[in-house]
Amino acid sequence: GDIIISCKTASGVSGNKTTPRIGTYSLGYDCWFVKVDSNFNIIWDKSFAGTKDQAAVGILPLPSGKVFLSCINYSNQNTGNLTADYGGVDTWLILIDENGNDLLQKSFGGSADDGGKIYPHPSDTTKFIFSIGSNSPISGNKTVAPYMNGGGDVWIGLLDYDGSVGLLEQENTWNVFVYPNAWSGS
């Protein structure tokens, strides 16, 4: 019956927020996650950020009671409480336990801007799907070449969760159809 809410915040400890602001960039935001009970009483709140800007984009609960928090990160590695592989503009996943304790962090992206969300796999609870808007060439942990040479490709991948998070080998053989197709270019 508990609920986890994701949002962005530029606030320090004030109102009913008990976590300090982490980012130091004056126009930046922290990812703020709040766990409430069925009456919306706060159980805990946690902020995650590097020193620049972040945007909370999703939450994915796992059957184990652990939860993946998903943010788009604009900060450099090892700033604030960002300990993921690297920084820049990437998708940043944070695995927490039922008390909001940080268990694992992982970033997905290349050398340019990459940000998106994760989704549950429809039939396998040990895997999940990510969809990331990507401007990167093959770099970082992006292993597929851009279709449009950067500039806004969609990078779709399958991730495995087994206590860590890793990209599964995936051939680039998917055909994706969008209907109705609003673009008539070739």
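**Strands, cysteines and a buried aspartate**

Me: Where is I5 found, and in which strand?

Reply: In this predicted model, I5 is found in strand β1, which covers residues 3-9.

Me: How do you know whether I5 counts as buried, partly exposed or exposed?

Reply: The relative accessibility of I5 is 34%; since buried requires under 20% and exposed requires over 50%, I5 therefore falls in between and counts as partly exposed.

Me: Which residues make the nonpolar surface patch?

Reply: The patch is made by I3, I5 and F40 and has an area of about 270 Å². A patch residue needs over 30% relative accessible area, and I5, at 34%, therefore passes that cut-off.

Me: What makes C31 and C71 a disulfide?

Reply: Their sulfur atoms are 2.4 Å apart, and because the cut-off for a disulfide is 2.5 Å, the pair qualifies as one. A search of the whole structure finds 1 disulfide.

Me: Which parts does the pair of C31 and C71 tie together?

Reply: C31 lies in strand β2 (residues 30-36) and C71 in strand β5 (residues 67-73), so the pair ties together parts that are 40 residues apart in sequence.

Me: How do you know whether C31 is buried or exposed, and what of C71?

Reply: C31 has a relative accessible area of 0%, and C71 likewise has 0%; because buried means under 20%, C31 is buried, and so is C71.

Me: Why is C7 in no disulfide?

Reply: The nearest cysteine sulfur to C7, that of C31, is 9.2 Å away, whereas a disulfide requires sulfur atoms within 2.5 Å, so C7 is left in no disulfide.

Me: Which side chains make a polar contact with the side chain of D45?

Reply: The side chain of T18 does so at 2.2 Å, and that of W32 at 3.0 Å; both values count because the cut-off for a polar contact is 3.5 Å.

Me: How many helices and strands does the secondary structure of the protein chain come to?

Reply: The protein chain has 0 helices and 11 strands, and 38% of its 186 residues count as buried.

Methods. Residues are numbered from 1 along each chain as its sequence is written. This is a predicted model: local features need pLDDT of at least 70, side-chain atom pairs count only at pLDDT 80 or more; totals for chains, interfaces and linings use all residues. Side-chain values use heavy atoms; hydrogens and water are left out. Patches are made of residues with over 30% relative accessible area and no salt bridge: like charges are joined within 9 Å, nonpolar side chains (Val, Leu, Ile, Met, Phe, Trp, Tyr) within 5 Å. Accessible areas come from the Shrake-Rupley method with a 1.4 Å probe; for residues, only the protein chains shown count as cover. A salt bridge is a side-chain nitrogen of Lys or Arg within 4 Å of a carboxyl oxygen of Asp or Glu. Helices (H or I, at least four residues) and strands (E, at least two) are DSSP runs, numbered from the N terminus. Buried means under 20% relative accessible area, exposed over 50%, partly exposed in between (1.4 Å probe, protein chains only). A polar contact is a pair of N or O atoms within 3.5 Å; within protein, one must be able to donate a hydrogen and the other to accept it, and residues adjacent in sequence count only if both atoms are side-chain atoms.
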